[in-house]
Structure formats: C-alpha cells, structure tokens
Amino acid sequence: MNQPRRVENLQTDKGKVPVYATGIIEQPWDGYSDDDHATWATLYARQREVLAGRASREFLEAQDAMGMTPDRIPKFSELNTVLEAATGWTLMGVEGLLPELDFFDHLANRRFPVTWWIRRPDQIDYIEEPDLFHDLFGHVPLLMNPVFGDYMAAYGRGGVKAHGIGANALQNLTRLYWYTVEFGLIRQDDGLRIYGSGIVSSKGESIHALESDAPNRIGFDLERIMRTRYRIDDFQKTYFVIDSFDQLIQATEPDFTPIYARLAELESVPAGSVLDTDTVHTRGSGVGWASDGDV
Ligand SMILES: [Fe+2]
C-alpha cells in the first residue's frame with residue numbers, strides 16, 4: 001500500500017491551485033490521532049444539532065441507518081457493509097481531489113471517493129477543499145437512498161460522456177452537480193430543507209441557506225441551472241429547490257447532447273440573477289454580496 005498523503009490546495013502567486021491525487025488507498029484508520037477523532041466528534045455533534053429541522057428527512061434517516069456516530073471516525077469498511085447491501089455503493093479512500101474523468105468513472109460504477117484525512121482543529125469552521133468530514137458526513141448518507149444513489153451514478157455516466165464532448169458540456173454538467181449534489185434544497189410538506197453536501201457539512205451555510213434574506217431560492221430547472229455561474233469562496237447567492245429526488249432522476253433521463261449544443265449559444269447567468277422565467281420561492285435581498293467572483 002502507498003503511504004497515504006494529505007493533499008491540499010497549494011497557495012501560489014496565482015492564488016489557490018487545486019492539487020489532484022489519483023491514488024486509491026485503504027483508509028489508514030489506525031493512524032488517526034486523538035485530535036482527529038475529537039475533530040470528527042465536535043463537527044458531528046454540532047452539525048447534527050444544526051440539521052435537526054433543517055436537513056431533509058431522507059438525509060437524517062439515511063445517516064442514522066448507516067450507523068455513523070460522533071464517538072469516533074467511522075471505518076469505511078464497516079459503512080460499506082451497510083451501504084453496499086442497501087444500494088450497491090461502496091466508499092473508497094482517496095488522498096484528495098481526483099481528476100475529473102477518474103471521478104466520473106468511479107461514480108458511474110457506484111464507487112464514492114472519500115478523502116481519508118480530516119481537517120486540523122484550526123480549520124474546524126472552514127476548509128477550502130473536501131476533507132473527510134465533508135465527504136463522509138455530507139455526501140455519503142444520501143447514497144443510502146435508492147433514488148439519490150441512482151442519480152449520482154447517472155451523473156457519473158453523464159460526466160464521462162460530457163468529458164468526451166468538450167469543455168462547455170463539462171461546465172454545464174458541473175453546474176448541475178454544484179446546484180444539486182453540493183448546494184441543493186428540497187421542498188417538503190413542512191417547508192424547505194437542505195440536502196446538498198456543501199450545505200449540510202457547514203454550520204454557517206446550513207443557517208444561511210434556509211434563514212437568510214440574502215439568497216434567491218428558485219425552483220429547479222435543468223437548463224437554467226446549467227447556465228448559472230456560482231460562488232466557490234462564499235455562501236451561494238442562489239439555491240435551487242427540488243420537489244423530490246424523483247425530479248432529479250427524471251431531469252437526467254434525456255440525452256444532454258442537444259441541450260449542451262443549445263446552451264453553447266446562450267450567455268451564462270450570473271450567480272445572483274433572477275430571470276423572468278424563474279419560479280421564485282424567495283427573491284434575495286442581496287445583502288452582503290460581493291460584486292464579482294462568480295466562476
Ligand atoms: Fe462535495
């Protein structure tokens with residue numbers, strides 16, 4: 001086995017540059033320090049408290065069903081027994097962000113890459129890139145949900161295909177991932193809830209996404225999302241709201257190739273814009289928004 005390495009972004013004179021790792025490694029569980037387990041415990045307990053009444057029912061139920069607890073960092077091998085029996089997904093350890101095509105191929109084959117290392121205590125409130133807490137606490141529970149699990153695998157297949165079509169197609173598809181898997185909201189009978197991993201793994205954004213007056217909350221619309229730029233350095237200016245996970249699956253059934261061709265002719269939409277064609281749940285006040293910096 002390769003020695004596991006913790007791979008983080010590099011700070012350079014061009015800003016933060018992502019570093020990609022390709023190695024698949026066995027989770028070095030015995031190597032976690034007491035500090036690592038304590039960081040997990042702190043984040044887990046704090047986030048579960050924040051998510052009560054804020055996260056989707058499906059997310060909370062799935063997390064309990066997997067057997068994740070705050071007392072220690074879970075073992076991927078133990079979670080895999082439960083997860084694989086439920087939906088055929090398995091977790092595998094990685095050192096950091098994977099190259100896109102590798103990532104898509106794993107998802108298409110129901111393998112979810114999980115960063116093995118957890119943030120340092122001084123990074124507890126914010127870390128720029130995915131670590132174990134984001135990946136495991138944020139992404140993995142919904143893989144227990146059959147419909148969402150199918151959506152993630154379909155996304156992987158779509159990614160492999162988009163990669164072959166070109167950069168614009170890939171950008172369109174990445175925006176879909178961003179506004180659903182990472183930052184999606186869902187409408188339940190009793191109100192809006194969070195399901196996106198980037199939100200559920202962040203205390204600040206969990207509150208902001210549901211309770212702040214600043215962001216727009218707009219009904220899910222595949223092509224609209226694929227045109228929309230987003231923020232990577234701050235809370236989102238816009239969240240998109242699905243009615244059910246079935247809606248995601250149905251939206252990804254058609255071949256995207258003609259959609260990509262159509263979108264190539266259109267301007268992208270700034271992260272904070274509201275269009276006449278939008279179904280608006282909440283129009284944001286825009287308070288605190290930076291004027292530029294959309295990607
Ligand atoms: Fe993520």
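Is Glu 182 buried or exposed at 10% relative accessibility? Glu 182 counts as buried, where buried means under 20% relative accessible area and exposed over 50%, with partly exposed in between (1.4 Å probe, protein chains only).

This is a predicted model, in which local features need pLDDT of at least 70 and side-chain atom pairs count only at pLDDT 80 or more, while totals for chains, interfaces and linings use all residues. Residues are numbered from 1 along each chain as its sequence is written, and side-chain values use heavy atoms, with hydrogens and water left out.

**View 1. Protein donors of the iron ion.** His 134 (NE2), His 139 (NE2) and Glu 182 (OE) are the protein donors, lying 1.9 to 2.1 Å from the iron ion. Donors are N, O and S atoms within 2.8 Å of the metal (3.2 Å for Na, K and Ca); water is not among the atoms, so sites may look incomplete. The spacing of the donor residues in sequence is H-x4-H-x42-E. Because His 139 belongs to helix α5 (residues 132-139) and Glu 182 to helix α7 (residues 167-182), the pair ties together parts that are 43 residues apart in sequence. Helices (H or I, at least four residues) and strands (E, at least two) are DSSP runs, numbered from the N terminus. His 139 is buried, at a relative accessible area of 4%.

**View 2. Surroundings of Thr 115.** Thr 115 is placed in strand β5 (residues 111-115) and counts as buried at 3% relative accessibility. Its side chain makes a polar contact with the side chain of Asp 135 (2.7 Å). A polar contact is a pair of N or O atoms within 3.5 Å; within protein, one must be able to donate a hydrogen and the other to accept it, and residues adjacent in sequence count only if both atoms are side-chain atoms. Neighbours within four places in sequence aside, the residues in contact (heavy atoms within 4.5 Å) with Thr 115 include Phe 76, Val 94, Pro 130 and Leu 132.

**View 3. Buried residues of helix α9.** In α9 (residues 203-211), the buried residues are Glu 205, Ser 206, His 208 and Ala 209. The elements that these buried residues pack against are α1 (34-51), β6 (185-188), β7 (191-194), α8 (197-200), β8 (216-219) and β9 (238-242).
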